[in-house]
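These are my notebook entries on a structure that I consulted. I set down each item as I looked it up.

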Protein chains: 2
Amino acid sequence: MRKPKVVVLGAGYGGLMTVTRLQKLVGVNEAEIVLVNKNDYHYETTWLHEASAGTLHHDRVRYDIRDVIDRNKVEFIQATVEDIHPSENKVILDSGEIEYDYLVVALGAEPETFGIQGLKEHAFSISNVNSARQIREHIEYQFATYNTEEEKKDERLTIVVGGAGFTGIEFLGELVNRVPELCREYDIDFEKVRIVCVEAAPMVLPGFDPELVKYATARLESKGVEFRIGTAIKEVTADGIIVAKGEDEVEEIKAGTVVWAAGVRGNSIIEKAGFENMRARVKVNPDLRAPGYDNVFIIGDCSLIINEEINRPYPPTAQIAMQQGEVCARNLAALIRGKEELETFKPDIKGTVCSLGEDDAIGIVFGKKLMGTKAAFMKKVVDNRALYMIGGTSLVFKKGKFNFF
Amino acid sequence: MRKPKVVVLGAGYGGLMTVTRLQKLVGVNEAEIVLVNKNDYHYETTWLHEASAGTLHHDRVRYDIRDVIDRNKVEFIQATVEDIHPSENKVILDSGEIEYDYLVVALGAEPETFGIQGLKEHAFSISNVNSARQIREHIEYQFATYNTEEEKKDERLTIVVGGAGFTGIEFLGELVNRVPELCREYDIDFEKVRIVCVEAAPMVLPGFDPELVKYATARLESKGVEFRIGTAIKEVTADGIIVAKGEDEVEEIKAGTVVWAAGVRGNSIIEKAGFENMRARVKVNPDLRAPGYDNVFIIGDCSLIINEEINRPYPPTAQIAMQQGEVCARNLAALIRGKEELETFKPDIKGTVCSLGEDDAIGIVFGKKLMGTKAAFMKKVVDNRALYMIGGTSLVFKKGKFNFF
């Protein structure tokens, strides 16, 4: 009898959790498991703001996929997914085609540009290891160039962060620590540097506890961040950004660096493949399968789960993606064994911690408000937990964060 | 009685040697000594190729001027020289004017562009700490950007070095060590990188011993350098360089980085001030004074000394600048004490060592040919000697090169 073939697309939090759990749940003779990923490494998306600012080396935020998969049970293919034909049980890769009996789509997110002109061309986004280290190097190059020019261009030292959501605030937290280092490195007066956070919504960190938001804003402002809240970016140019000012006016903010951190959408492969979607996210069935396809699971940032309490989608997070991966693995094992009853996915939000740099953070953990060093400690616990969930103790020792004091 | 005022312009090898010797030769009551320099630090010009390649941090190639001058005897002014009016005994600084009784012009060199179109706009030059760290960051940014682009641009990974003279070859020696590191850092296939050295003259390191040159060329080629000798750069563009090919044809070499290392001229202030000059270098009198001005010494790269044996100018080097500084200090002391007989300057070339990276070099020291690790060792001795001459043992311990093995 032919073994069923499970193909998992993407080795992010969701995909890798699915594979590492599934390889424990099923025997070698029960199923063929294939993992497809663009790179031969997994990276911690939730740590990319550190690599982007230059406060943590990008090799610290990634690890070899082969270190966490059981190579007797899982075949790893390094390839880029170009399309999915769900009605033919087929995936098109840049290196060829691959058929499946069961598919897990865990292809992650892409930056949401909201149609803002010039954004794709002139703004960086904190998307992956490649883009993170490019941001780090771009900022460093601006600082390195400043003193070489006869006529000093102070705008080289202006960094605009688009978005005061989770990623934007965490990136700002790293930047305020990194900029004084860059100033020393390149003989630059700190007063010349501007860090501007522009947010279209009327608040910082919408949905977060107001007291914690107040703390975060005050801390970042005290370290030099200018907040421009309720301000929409109209256009990004080679010289900076154009923002709306009042009803009809616009204002230019010149900046050598513009980093876009204002939200994500699902992967465009979802749209291309023809799944019913909202901004490339699929409202999956309670068992995480795609409507209309009994053998396709969609998890992580490409899936959309409604929070019934407030009747709004949960924001896509690593926490949810990993929990989905666990359920997805169990449901796959059930299907492989011919069971028809599948488990229902229900997020279990243990807490949320937003870093404000090395030794500062805000968060709610198990319903308790935290700020300052306690929250920063919890952030590291959360980061280490993600490693533990996928790679166990050995991965925590290898890649974990232990700079607690 | 008013003390005579000695003003020294520039804290490079020549200027700083003059000041550190003069402060020992004359008493506080004999003269007022003023040192003017653009930065508050001295940098080792002969080490800049390392900072430019990124093999040595730029803070290792510089030290605080205040650490080597006797602040009881020498007043340090951080300012940029804008002009000299030798007939009025006056120097124009960006921060005001300063008068002198005796002047030492030690303003160093500028890149010689030979009128090549686009060179100033599109090529970097290894001129100072600012430009060196900009080159390092520029190259790193090219490598960091490579993998972020959908369509890979291999030319980002091409580095053109214009000039196979001393600086060009030493820079290549560092690059061949640095590039494999960059490839690892940014997940780049080493085979994609090109390092091209373009030289208009028909040979590498003209004037050097042919056997040593052959060794150097072979070593660099074995590590991936392509030499294009007898090839003139016609133009530098935003995309790379245009070189002459045969009689009428041209060829484009696309390159993300073009570094110009093909020779220097004196400082343009020399021309502006009206001294008789050849490419901003003044053929000084045997006592190092400028023709026509009994109270103006010109030393270092702004001076021109003829090697009588071959009836050609000595190439401007740190070795000669420092020896001039010693003689200049003694001649100043003599003038201050009313003596009319001044010492004649005669270069004493102890040797020349050209580095080929961390552990390789070629050189002639006290008439003996050296190559490989022995030459590399001698190079470090030469580098440490420059520190010792100006700042003594303590400076050698602080900034010296001891990675001998």
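How far apart do the C-alpha centres of domain 1 of chain A and domain 2 of chain A lie? I found them 32 Å apart. The model is predicted, and local features need pLDDT of at least 70, side-chain atom pairs count only at pLDDT 80 or more, and totals for chains, interfaces and linings use all residues. Residues are numbered from 1 along each chain as its sequence is written, and chains are lettered from A and ligands numbered from 1 in the order in which they are written.

Entry on the domains. I noted that domain 1 of chain A comprises 5-111 + 264-350, and domain 2 comprises 119-260; such bounds come from an automatic or database domain assignment. Their contact takes 13 residues from domain 1 of chain A and 18 residues from domain 2 of chain A (two residues are in contact if their C-beta atoms, placed from the backbone, lie within 7 Å). On the domain 1 side, helix 2 (residues 48-53) of chain A gives the most, with 6 residues. Helices (H or I, at least four residues) and strands (E, at least two) are DSSP runs, numbered from the N terminus.

Entry on the sheet. I looked up an open sheet of 5 strands in chain A, with parallel pairing and the order 5-2-1-9-21. Strands pair if DSSP finds at least two bridges between them. Strand 5 (74-78) and strand 21 (296-298) of chain A are the edge strands, each pairing on one side only. Within chain A, strand 1 (residues 5-9) and strand 9 (residues 102-105) run parallel and are joined by 4 bridges. I saw that A:Leu9 stands opposite A:Val105 in strand 9 of chain A.

Entry on two helices. Helix 1 (residues 13-25) and helix 8 (residues 318-336) of chain A pack at an angle of about 35°, and their axes are 7 Å apart. Axes are lines fitted to C-alpha atoms, for helices over the stretch in contact, and angles run from 0 to 180 degrees between N-to-C directions. Among the residues that meet, I listed A:Tyr13 and A:Leu25 from helix 1 and A:Ala318 and A:Ala333 from helix 8.

Entry on the two chains. A rotation of 180° with 0.0 Å of shift along its axis superposes chain A on chain B, with RMSD 0.0 Å. That is the relation of a two-fold axis. Copies are superposed by least squares on the C-alpha atoms of residues with pLDDT of at least 70 in both. The contact takes 13 residues from chain A and 13 residues from chain B. I recorded that 100% of the interface residues of chain A are also interface residues in chain B, so the copies meet through the same surface.
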